[in-house]
Amino acid sequence: MDIKNLPKNIPVFPLSDVVFFPKTVLPLNIFEKRYIQLVNDCMKNHRLFGMVQPKNRRAEQNVYEVGCLGKIINFNETSDGRFIINLSGIIRFRIKKEIDNHKLYREFEVDYSDFSQDLKVINNYENKYNKKNLLKKIKVFFKKKNYLLNIDELEKQDFDQLISTLCMISPISILEKQKLIETTTSEEKIKLFENIINFSLADDFKNKTIQ
């Protein structure tokens, strides 16, 4: 896939407490009228729409500048009129401006150029990072947070996909996830993610020691 072939104007779904990353799959239960319309329109066209985080869950108008474009890869309509879809992350985008579209949902003009690396397959991570050690640390981190984790499924992923998946599913703050999605290179993302996990584990250890 080439950036030149991606739409410059895209429908966008602002969703609180969800930060969507490339190379991940996000299940969505679509029930609001405006997003039913969004999905209907997407299914008639290229099946692409963006996900972005609102800055305030009570007021969706203000959204963060960076989100992620996804493609609907699975679609089911329920008997009560809802859509159950799976969205596959493709590439992050930077919002340039909102488009007045006279529709129920919002559309934005976006720019993908800062995140072209998302479309590349990078195979040299195994030489730089120890996947096994990372997963051991993640297992400890999830256990401390009382979150279940399917290590077997994560082990099947390549390192780039693994980091994006962990960034999305880890029990860290939404602000931390937003900072992660705004990194421009995979190396920056990995370093920031490891720093967040290390800080959390060190903080837990310190609190236990003090008590």
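This is a predicted model: local features need pLDDT of at least 70, side-chain atom pairs count only at pLDDT 80 or more; totals for chains, interfaces and linings use all residues.

Next up, burial of Phe142. I find Phe142 buried, because its relative accessible area is 2% and the cut-off is under 20%.

I then checked Tyr147, which comes out as partly exposed at 46% relative accessible area. How do the rings of Phe142 and Tyr147 sit against each other? They make an edge-to-face aromatic pair, with 6.3 Å from centre to centre and 90° between the planes.

One of the aromatic pairs is Tyr129 with Phe159. Their ring centres are 5.3 Å apart and the planes meet at 10°, so I log this pair as stacked; the limit for that is under 30 degrees. Where do the two residues lie? Tyr129 is in the loop between α2 (125–128) and α3 (131–144), while Phe159 belongs to helix α5 (residues 159–169). The pair therefore ties together parts that are 30 residues apart in sequence. I also looked up burial for Phe159: it is buried, with a relative accessible area of 2%.

Last entry, Gln157. I place Gln157 in the loop between α4 (151–155) and α5. Is Gln157 buried or exposed? Gln157 is buried, at 16% relative accessible area. Leaving out residues up to four places away in sequence, I see Gln157 touching Lys131, Leu162 and Thr165.

How values were computed. Residues are numbered from 1 along each chain as its sequence is written. Side-chain values use heavy atoms; hydrogens and water are left out. Rings of Phe, Tyr and Trp (its six-membered ring) pair if their centres lie within 6.5 Å; planes under 30 degrees apart count as stacked, over 60 as edge-to-face and the rest as tilted. Helices (H or I, at least four residues) and strands (E, at least two) are DSSP runs, numbered from the N terminus. Buried means under 20% relative accessible area, exposed over 50%, partly exposed in between (1.4 Å probe, protein chains only). Contact means heavy atoms within 4.5 Å.
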